Structure formats: C-alpha cells, structure tokens
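Let's take a walk through a protein model together. Have a look at the picture first, and then we'll go from the overall build to the way some pieces pack.

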Amino acid sequence: MGSNGNQPFYSTQIDLSIDLRTQVVSILNHALASTLDLKTQVKQAHWNVKGMDFYQLHELFDDMASELEEFVDMIAERVTALGGTALGTARLAVANSILEEYPLEAIEGKDHIVALAERYAAYGKLVRDDIDETDDLGDADTADLFTEVSRAIDKRLWFLEAHLQTAPVLLETNGSAGKSDADKAAKKMAKAKRGAK
Ligand SMILES: [Fe+2]
C-alpha cells in the first residue's frame with residue numbers, strides 16, 4: 001500500500017481497538033494521497049483550460065478543487081481522531097496516489113473534461129472500495145465519511161460526463177456488460193502509472 005509504515009500512533013480513549021485503528025488509518029492515508037493528487041490536478045485544469053467554454057469550466061473546476069480540499073481535511077482529521085498520523089505532504093501524495101500524472105498537453109475544455117472524468121472514475125472506485133473495507137472492519141463512522149465523499153464524486157463525474165454524453169448508448173446484453181467503465185478506467189490508470197515508473 002505504499003510508503004506509510006512506521007508512523008506514530010497516539011493513545012486515545014476512543015472505543016475502537018488499536019488493531020482496527022491501524023488498519024483504518026492505513027486505508028485513510030492511502031485515500032488522502034489520491035485526494036491530494038486529484039485536487040492539484042483539478043487546479044491544473046482550472047488554471048490552464050482554454051477555448052470558448054473557458055469561463056464556465058474555469059469556475060466549475062475551482063468549485064471541484066474546493067470540494068476536494070474539504071475532503072482532504074476530513075480524511076486527514078479522521079486519521080488524527082483515530083490516534084494516527086496524517087500523511088499529507090506532496091511527496092507522500094505522489095508516492096501513494098493511485099492516479100497517473102495529469103496530461104500537461106490538455107488545452108481545450110474537452111481535453112480537460114476527458115482527463116478529469118477518467119480520474120474521477122478511478123478515484124470514485126477507490127472511495128467506494130474504501131466504504132466496504134472500513135464497514136467490514138467495523139468502523140461505521142469512517143465508512144460514512146467515505147460515503148459522503150463517494151456521493152459527491154459520483155455527482156461530479158456526472159457533471160463532467162454530461163459534457164460528453166451527447167447521445168444515449170444501447171445497453172449491452174452480452175458478457176462484457178459486467179465490467180464497469182470505472183473498472184476499466186482504474187485498470188488503465190494503474191497500467192499507465194506502472195509504465196511511468
Ligand atoms: Fe483561481
């Protein structure tokens with residue numbers, strides 16, 4: 001799960017075992033890295049988007065970055081509430097993020113929308129997996145935190161994809177319908193990230 005070992009834990013009277021807290025903190029810190037990475041990528045889009053849709057996308061991307069900044073804070077402070085150490089520097093974000101680097105050649109609105117939709121889909125899958133994992137571990141509060149993030153990310157993915165969804169698709173009835181687009185996006189991103197190292 002990346003370089004997040006040997007972090008100090010602090011004693012707390014919270015009624016959650018140290019074993020549960022260590023596992024949940026590891027999941028939270030992993031999510032924190034990707035959330036920080038995604039936030040800086042959305043800012044990159046906010047600053048550099050060009051074209052006739054400049055102003056509305058510039059504003060939309062800023063709202064999305066502000067929302068992610070709130071999630072960064074929520075996730076990091078859940079780590080410290082559990083007695084852990086938040087791993088939130090830029091270097092740690094790079095080391096532990098699931099996302100690949102933002103395409104610096106993106107110019108017009110559509111380039112940025114496509115790049116961000118891919119990243120929101122991959123990040124959305126991570127967060128949804130984290131809901132299940134923390135719920136299974138027995139930390140309903142962290143699962144609820146991730147659920148709040150997940151709902152907002154799904155909404156933003158809709159905002160992004162609505163720019164691209166100009167015609168409805170026919171629903172597939174063959175075997176390939178089982179793989180979601182997010183699964184494919186996450187796989188593609190993991191592959192590209194491995195290739196970049
Ligand atoms: Fe700005």
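Predicted model: local features only at pLDDT ≥ 70, side-chain atom pairs only at ≥ 80, totals over all residues.

What is it built from?

Now for the overall form. The C-alpha trace spans about 55 × 40 × 30 Å along its principal axes. A compact globule of 197 residues would have a radius of gyration near 16 Å, and this protein's 18 Å agrees with that. Of the 197 residues, 36% count as buried. If you take the contacts between residues at least 6 apart in sequence, 80% of them join residues at least 24 apart.

Next, find H1 (residues 18-48) and H2, whose axes are 9 Å apart and pack at an angle of about 160°. Angles over 145 degrees count as roughly antiparallel, and therefore H1 and H2 are described that way. Their crossing is left-handed, and the residues of this contact divide into 17 nonpolar, 4 polar and 5 charged.

H2 (residues 54-81) also has a meeting with H5 (residues 140-161): their axes come within 11 Å and cross at roughly 170°. That makes H2 and H5 roughly antiparallel to each other too, and H2 passes H5 in a left-handed crossing. Who meets whom here? On the H2 side, look for residues including Leu60, Met64 and Phe71; on the H5 side, Leu145, Val149 and Phe159 are among them. By class, this contact has 8 nonpolar, 1 polar and 3 charged residues.

Notes:
Residues numbered from 1 in each chain as written. Axes fitted to C-alpha atoms, helices over the stretch in contact; angles between N-to-C directions. Helix = DSSP H or I, 4+ residues; strand = E, 2+ residues; numbered from the N terminus. Parallel < 35°, antiparallel > 145°, perpendicular 65-115°, else oblique. Left-handed = near helix turned anticlockwise from the far one by under 90°. Contact = placed C-beta atoms within 7 Å. Nonpolar A, V, L, I, M, F, W, Y, C, P; charged D, E, K, R; others polar. Rg over C-alpha atoms; globule rule 2.2 N^0.38 Å. Buried ≥ 20, exposed ≤ 12 C-beta atoms within 10 Å, placed from the backbone.
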